[in-house]
Amino acid sequence: MSETYHPAAIEPRIQAQWSEQLADRADHGDGERFYCLSMFPYPSGKLHMGHMRNYTIGDVITRYQRMCGKRVLQPMGWDAFGLPAENAAMANGVPPAQWTRNNIDHMRSQLKALGFAIDWERELATCDPEYYRWNQWFFLRLLERGIAYKKTGLVNWDPVDQTVLANEQVVEGRGWRTGALVEKREIAMYYLRITDYAQELLDSLDQLEGWPEQVRTMQANWIGRSEGAEIRFACGDSDIKVFTTRPDTLMGATYMAVAAEHPLARAAAANNPALAEFIVACQRGGVSEADIATQEKLGMDTGLKAIHPLSGAELPVWVANYVLMGYGEGAIMAVPGHDERDFEFARKYQLPIVQVISRPDEQPYDDQQWHEDYATREGHLVNSGPYDGQTCPQAHAAIVADLEGRDAGNSRVQFRLRDWGISRQRYWGCPIPIIHCDHCGDVPVPDEDLPVRLPEDLVPDGAGNPLARCEAFVNTSCPRCGAPARRETDTMDTFVDSSWYFLRYTCSDNDQAMVDGRTNDWMPVNQYIGGVEHAILHLLYARFWTKLMRDAGLVDVDEPFARLLTQGMVLAETYFREDEAGRRTWFNPADVDLRRDDKGRVTAAVLRHDGAPVEAGGIEKMAKSKNNGVDPQALVEQYGADTVRLFSMFASPPTQSLEWSDAGVEGAWRFLKRLWAGIQAHLAAGPAAAFDPATLDDEGRELRRLLHETIAKVGDDFGRRYTFNTAIAAIMEFCNHLARYQGSPGATPGLCQEAWLAVIRLIGPVTPHIAEALWQALGQTGSLFEAGWPEVDPSALVRQSVTVVVQVNGKVRGRVELPPGSSREQIEQLALAEDNVQRFVADQTIRRVIVVPDKLVNIVVA
């Protein structure tokens with residue numbers, strides 16, 4: 001054993017041993033299974049601190065559970081398809097496949113250098129044909145079951161690049177790359193009927209007791225179950241159908257509003273050039289609810305009239321840009337008296353505003369200004385004819401009953417959730433296995449011809465989907481009639497790839513089936529770890545996909561993830577300079593020097609290379625845009641992986657944000673050096689003979705009690721509470737006690753040996769390299785992580801005495817030592833006899849003595 005700690009020498013040696021021993025292979029051992037999974041990364045090129053923290057959390061859990069005797073699976077893969085790879089390919093002039101695979105190779109080496117106990121034999125990448133083959137195969141099964149279907153959908157269209165844009169690629173109504181005004185277009189796309197599973201997805205949230213309540217609430221809100229009514233308004237030869245959660249406000253409807261794409265709007269525009277032009281303008285707006293919420297409310301009267309189903313009144317039908325065709329029926333009954341958006345629209349276009357619900361305390365209604373209580377359900381109906389005086393719930397039931405009696409409406413449950421559109425007009429994704437034949441229509445690719453392989457030598461140029469211009473890919477023959485045909489050039493949403501990868505890990509070597517019997521053995525994932533930003537879409541789609549595979553007889557589980565941990569962000573200081581135009585240039589904290597006064601307070605920040613001042617922008621999430629990231633690889637090269645792991649787990653609990661601190665990293669480094677030096681000193685003292693705990697003196701018994709209390713606490717923090725920071729703090733505190741004891745004249749070497757072996761096992765999940773090296777240095781055979789978690793000796797926890805705090809009128813006035821479990825009378829007698837306590841109770845009347853056995857006495861005097 002070297003005298004000093006050298007991680008650059010230790011860590012590669014230990015990693016090589018683990019690799020040779022296949023220590024991280026999941027199939028070894030006979031214990032209870034435990035599946036620990038961190039969300040797989042997008043291969044962007046290199047790891048950032050968020051990755052490092054996320055995967056360290058998972059590795060601590062994995063190593064702890066393995067030491068507890070469980071058969072643990074911790075795999076790794078790559079969420080490799082997607083638009084960022086296309087953008088990078090355009091910027092670098094290389095195919096996305098080449099860029100992606102180079103990034104995977106580099107990031108894999110970074111992960112291995114951090115010492116994660118990953119079963120690399122199960123590695124997968126979603127861009128591998130061996131993986132996306134099963135996307136295609138299962139899509140065809142869903143098509144056969146009617147769960148996958150094709151319909152037209154509304155998208156953002158860039159007319160210059162001739163391509164579909166994601167919502168985030170539309171900037172102030174223009175394409176992010178071309179600056180062209182974005183249009184709304186309807187194109188044919190494939191969808192999955194997730195709405196068929198909406199109620200089950202909502203109900204089964206109650207089973208997910210191991211999930212944060214925040215995430216369950218976010219999913220419930222996204223699914224958005226609403227109970228209300230479908231109401232039909234006659235309009236010429238057809239009906240306008242609307243869904244509303246407030247049928248009690250029906251008598252306040254003063255106009256109808258339909259989306260620009262609604263059939264009635266298009267029919268009205270056929271002979272109305274101004275309306276047709278307005279509809280085209282609406283098609284340049286956003287297609288998301290967020291876009292609609294923030295844009296100016298605009299509309300135009302179609303000239304059509306709808307008939308109120310109860311009053312018979314004629315209501316004007318408007319085209320409005322705040323109504324989306326993809327939500328509900330693409331039409332609303334507008335009740336401006338009690339809906340803020342309708343109120344704003346009605347005020348703009350001078351449409352009637354009618355109050356039909358009373359205000360609290362019968363306050364007068366002001367139709368010139370919106371008040372939040374206008375949306376209340378607490379009042380009673382007014383200006384509503386036969387329904388006046390009824391409460392909102394009473395009127396809801398009565399109006400629906402009358403609508404049903406007139407065949408003009410009915411009760412209905414609706415979900416905010418919409419069917420999942422999986423078609424993407426992108427190149428770098430999983431091809432949709434459909435062939436278009438002029439004679440046979442849309443024909444599924446036969447199973448024996450799967451996978452439909454994506455050409456990997458194309459370089460996108462931003463002008464549309466390069467697949468559509470790749471004749472070698474597009475041109476084929478129809479599987480049914482043999483005539484010339486064309487392949488589908490849309491690819492699947494990348495959320496498809498990430499909706500089942502956790503299932504594939506369980507049997508990634510099976511080239512004959514999507515999953516097999518091993519999947520049911522490992523599932524569900526015991527612990528899933530990832531950012532809260534994935535709380536809705538990824539987690540919801542993964543739950544849905546698992547239920548689809550269950551209903552296809554492929555898996556037995558209902559839910560994929562038993563327990564979910566959403567880790568906090570990694571934060572760091574930001575620094576910038578601002579030019580005359582207000583543009584900010586951000587500088588990395590590593591390039592900034594801080595000037596301090598004699599009390600250590602920061603007085604200025606200057607850029608190191610020019611000495612000129614920079615402004616502090618505060619602490620924010622590490623991000624490329626703020627240039628405040630820290631390179632994990634550079635830290636590993638400087639301090640070693642264990643130091644980086646230790647700091648990231650010690651600085652804050654996993655679920656809370658971590659504020660980066662160079663001083664904190666230095667502190668973690670110093671602790672590991674002290675740990676190394678402590679065991680070096682122990683070994684230098686000579687062999688440690690076996691000892692009998694019963695022969696220990698008071699100091700030895702106290703140390704052993706602290707040791708086993710620490711074992712109990714750390715095991716609870718690692719296994720149940722996931723408060724790794726408090727576990728590490730307890731280990732550090734015990735190490736201080738152990739160092740003092742080891743340096744004392746009466747120290748028992750055997751006790752020191754027992755304590756150091758336990759400390760190494762306790763810290764092992766966090767700092768595995770140094771722990772394994774010290775385990776070997778202490779003469780142990782086999783791997784530390786096969787040795788088992790240290791067991792608590794109950795006899796060691798028995799205290800010889802306890803210290804009881806004595807208060808007088810709530811203030812501490814003394815302490816007494818006595819055997820644990822002493823009677824209340826004994827405790828009270830000793831407390832009253834304590835010298836300092838006597839000074840405060842003399843000549844006083846003792847009103848009451850409160851005793852908390854083994855902890856506290858409070859004497860109340862007057």
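Both Glu559 and Lys547 are buried in this predicted model. Their side chains meet in a salt bridge, with an N to O distance of 3.0 Å. The pair links distant parts of the chain. Lys547 belongs to helix α17 (537-551), whereas Glu559 lies in the loop between α17 and β25 (564-566). The two residues are 12 residues apart.

This pair is part of a network of salt bridges that links Glu200, Arg543, Lys547, Arg550, Asp551, Asp558 and Glu559. Arg550 has a relative accessible area of 19%. Buried means under 20%, so Arg550 counts as buried. Asp551, at 40% relative accessibility, is partly exposed.

The structure holds 49 salt bridges. Another of them joins Asp119 to Arg122, again with the closest N and O atoms 2.9 Å apart. Asp119 and Arg122 are both buried.

Helix α7 spans residues 213-223. Its buried residues are Val215, Arg216, Gln219 and Ile223. Viewed down the axis of α7, these buried residues fall within an arc of 100°, so they line one face of the helix. An α-helix has 3.6 residues a turn, so residues three or four places apart point the same way. On the face of α7 turned away from the buried side sit the exposed residues Glu213 and Asn221. The cover over the buried residues of α7 includes α6 (198-203), β10 (225-235) and β16 (409-415). Helix α17 and strand β25 also contribute to that cover. Just after α7, Gly224 adopts a positive phi of about 60°.

Elsewhere, four strands form an open sheet in the order β20-β19-β22-β21. The pairing is antiparallel. Strands β20 (441-444) and β21 (475-477) are the edge strands, and each pairs on one side only. From one strand to the next, the twist averages 40°. Asn475 stands opposite Arg486 in β22.

Definitions and conventions. Residues are numbered from 1 along each chain as its sequence is written. This is a predicted model: local features need pLDDT of at least 70, side-chain atom pairs count only at pLDDT 80 or more; totals for chains, interfaces and linings use all residues. Side-chain values use heavy atoms; hydrogens and water are left out. Two strands pair if DSSP finds at least two bridges between them. Axes are lines fitted to C-alpha atoms, for helices over the stretch in contact, and angles run from 0 to 180 degrees between N-to-C directions. A salt bridge is a side-chain nitrogen of Lys or Arg within 4 Å of a carboxyl oxygen of Asp or Glu. Buried means under 20% relative accessible area, exposed over 50%, partly exposed in between (1.4 Å probe, protein chains only). The arc is that of the directions from the helix axis to the C-beta atoms. Contact means heavy atoms within 4.5 Å.
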